[in-house]
Amino acid sequence: MTARPQIKINTAPQLDIFSGAASSPDHKKHDKPKGSGNKTDKRRFVAPNPNAITLGNSNLKEHLELTGQKTPFTVASLLDEQDWSDFEQRYASEGRPPYSPRNMMGLILYGIMQGITSLRTLERLARVDLGCMWVTGGIFPDHAIIGRFINMHSKSMAGAFFESLTRAVLKKTNSDGSCLAGDGTVIEAACSSYNLMKQEAAQQAHETAQKQADNHPDCPENKKKLEMASSTLEAVIERNEKRKKNGKSGSAVVSPTEPEAVVQKMKRGRGYTTGYKPSVLANNKRVVLAQAVDPTNETTVVSPMLDQSMQITGKPVDEMLLDAGYFNDEVISTSLERDISLLCPEGKEPGKPKESKKFQKGHFYYDETNDVYRCPAGKELVLIGQIKGSIRTKEQKIYGNGPCEGCPLKDQCTTNKKGRRIKRYAMDDAKDALRQVMQHPKAKKSFSKRKAMVEPVFAYLRDIQGLNRFRRKGLEKVKLEFGLHLLAYNLSRAVKASFHAIFRYNRILWLYFERYRPFDRKWGSWERDPVKRHSLQRKVLHWV
């Protein structure tokens with residue numbers, strides 16, 4: 001196997017007009033491998049200096065500043081602040097120096113910020129994009145090197161590096177994690193939805209793979225096929241058992257190439273196909289402090305995301321804003337255990353029950369004093385039974401025996417001949433309290449911030465970064481891909497914050513010149529000459 005040659009950018013500032021050779025004989029000194037941050041470490045990395053890159057007689061930095069490109073400088077500054085020792089220790093101390101992890105990560109994240117996720121397109125981006133050259137120092141890795149880098153450092157990217165970079169973004173945006181808004185979505189999986197299997201087909205595929213593995217036990221491909229067939233069969237059996245337990249008819253289907261993906265309804269009217277449900281927690285500056293991916297459930301990941309947020313900020317969450325999809329026992333109990341102020345409506349609008357053709361449980365009022373339910377018609381439903389908790393069922397009380405016959409609202413309430421029945425569980429006291437909280441005007445005003453805090457996150461990921469479908473197969477790889485997208489997204493929030501800071505300074509200086517005009521007494525011509533006054537402001541703003 002022959003090693004690929006490393007392509008290096010020519011950092012010579014000017015060419016000799018007679019020989020065509022570089023006029024700077026020592027320009028290659030910038031391409032010398034650099035050591036890691038640890039002085040006792042002998043590892044060497046290729047980390048070129050972007051200040052040595054020139055465009056003709058102009059420096060790359062000067063060119064980017066002249067064209068108003070702020071994103072490369074903000075991204076490079078945040079990446080320079082990070083500790084890369086966890087990445088660097090995975091490389092051998094001998095052999096040809098590899099590309100610096102800081103430069104490789106800069107290429108990947110800068111590309112995702114531009115909506116580029118293909119490895120070959122990232123390879124092309126490193127060669128043609130000037131902003132990318134400033135972030136990466138002008139390295140030119142091919143797609144295979146980029147892919148191996150992602151696989152080598154997948155654990156660090158989704159773990160410690162995400163937390164470290166998010167802390168830097170929080171500092172840049174001057175925000176915290178005291179109040180977080182949560183949301184989730186559904187994103188299509190990489191597998192095809194045209195070769196899904198039911199349990200009978202999965203059983204046959206498993207038997208075929210077992211026979212091939214028995215006939216050729218030394219073949220690694222047959223072993224992989226058997227493992228995939230076994231996981232597919234286990235997944236479809238487990239989902240069929242859940243369907244029976246929940247009283248659903250029909251048979252579950254599973255993808256033979258990605259059994260962890262679940263068939264579910266997609267967003268934006270794209271029908272049903274295999275996908276995953278990623279979730280995030282974002283603050284008031286739309287910085288994502290926690291993220292998780294689950295095949296089907298958004299509520300089970302709330303507790304791990306709260307732990308991740310506390311790991312990043314070092315402080316517990318004070319207030320959490322969630323939509324109606326999180327109005328369940330698990331989320332409410334988690335909020336009570338962590339002493340979090342939870343604002344979560346039962347329906348689409350705060351203070352109103354879930355919309356439905358029939359009256360839902362939220363339309364009935366529970367009178368705690370008399371231990372009765374009052375229906376929308378004003379009639380009482382009394383306690384008629386009680387069921388003790390077990391492995392399969394929760395402890396519950398049953399209310400009924402209401403005067404439903406002849407009620408004008410019976411068609412909107414129930415079709416049961418015995419009348420409407422209401423089941424009350426142990427967590428219903430907390431749900432009733434949350435319903436009352438969501439009816440308060442101040443609670444509605446605080447909850448109204450949720451849409452602006454978290455919903456633009458997924459809109460940005462879909463429309464700007466192109467995350468309409470995952471490119472990797474398997475839950476672990478999907479988590480890695482989603483984590484990379486959120487790393488790039490948080491960097492974009494830091495870039496946005498830097499633009500806002502410049503705008504605020506411009507606004508302050510403009511108000512200063514418009515209101516006070518301290519120079520008009522000494523140089524009265526400035527008031528009469530708007531061109532000179534404008535040029536002065538430009539100089540001062542450039543200094544700021």
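User: Why are strands E12 and E13 said to pair?

Analyst: E12 and E13 (residues 372–374) are joined by 3 bridges in the antiparallel sense; pairing requires that DSSP find at least two bridges between two strands, so the term applies. In this pairing, Tyr366 stands opposite Tyr373 of E13. The model is predicted: local features need pLDDT of at least 70, side-chain atom pairs count only at pLDDT 80 or more, and totals for chains, interfaces and linings use all residues. Residues are numbered from 1 along each chain as its sequence is written, and side-chain values use heavy atoms, without hydrogens or water.

User: What makes E12 and E16 edge strands?

Analyst: The open antiparallel sheet has 5 strands in the order E12-E13-E14-E15-E16. E12 (365–367) and E16 each pair on one side only, and are therefore edge strands by the pairing rule. Neighbouring strands of the sheet are turned by 35 degrees against each other on average, direction ignored. Helix H15 packs on this sheet and touches E12, E13 and E16.

User: Why does Arg424 count as buried?

Analyst: Arg424, a residue of strand E16 (residues 422–425), has a relative accessibility of 7%. Buried means under 20% (exposed is over 50%, partly exposed in between; 1.4 Å probe, protein chains only), so Arg424 is buried.

User: Which side chains make polar contacts with that of Arg424?

Analyst: The side chain of Arg424 meets that of Tyr373 at 2.7 Å and that of Asp429 at 2.5 Å.

User: What makes H13 roughly perpendicular to H15?

Analyst: The axes of helix H13 (residues 329–337) and helix H15 (residues 428–438) come within 10 Å and cross at roughly 80 degrees. Roughly perpendicular covers 65 to 115 degrees (under 35 is roughly parallel, over 145 roughly antiparallel, the rest oblique), so H13 is roughly perpendicular to H15. Asp329, Ile332 and Leu336 of H13 and Ala430, Lys431 and Leu434 of H15 make the contact (heavy atoms within 4.5 Å).

User: Why is strand E9 described as largely enclosed by the rest of the structure?

Analyst: In E9 (residues 288–294), 7 of the 7 residues are buried, so the strand is largely enclosed. E9 pairs with strand E8 (residues 272–282) in the antiparallel sense over 6 bridges, and Val288 of E9 is the bridge partner of Ala282. Their hairpin has 5 residues between the strands, and Arg286 takes a positive phi near 65 degrees there.

Conventions. Helices (H or I, at least four residues) and strands (E, at least two) are DSSP runs, numbered from the N terminus. A polar contact is a pair of N or O atoms within 3.5 Å; within protein, one must be able to donate a hydrogen and the other to accept it, and residues adjacent in sequence count only if both atoms are side-chain atoms. Axes are lines fitted to C-alpha atoms, for helices over the stretch in contact, and angles run from 0 to 180 degrees between N-to-C directions.
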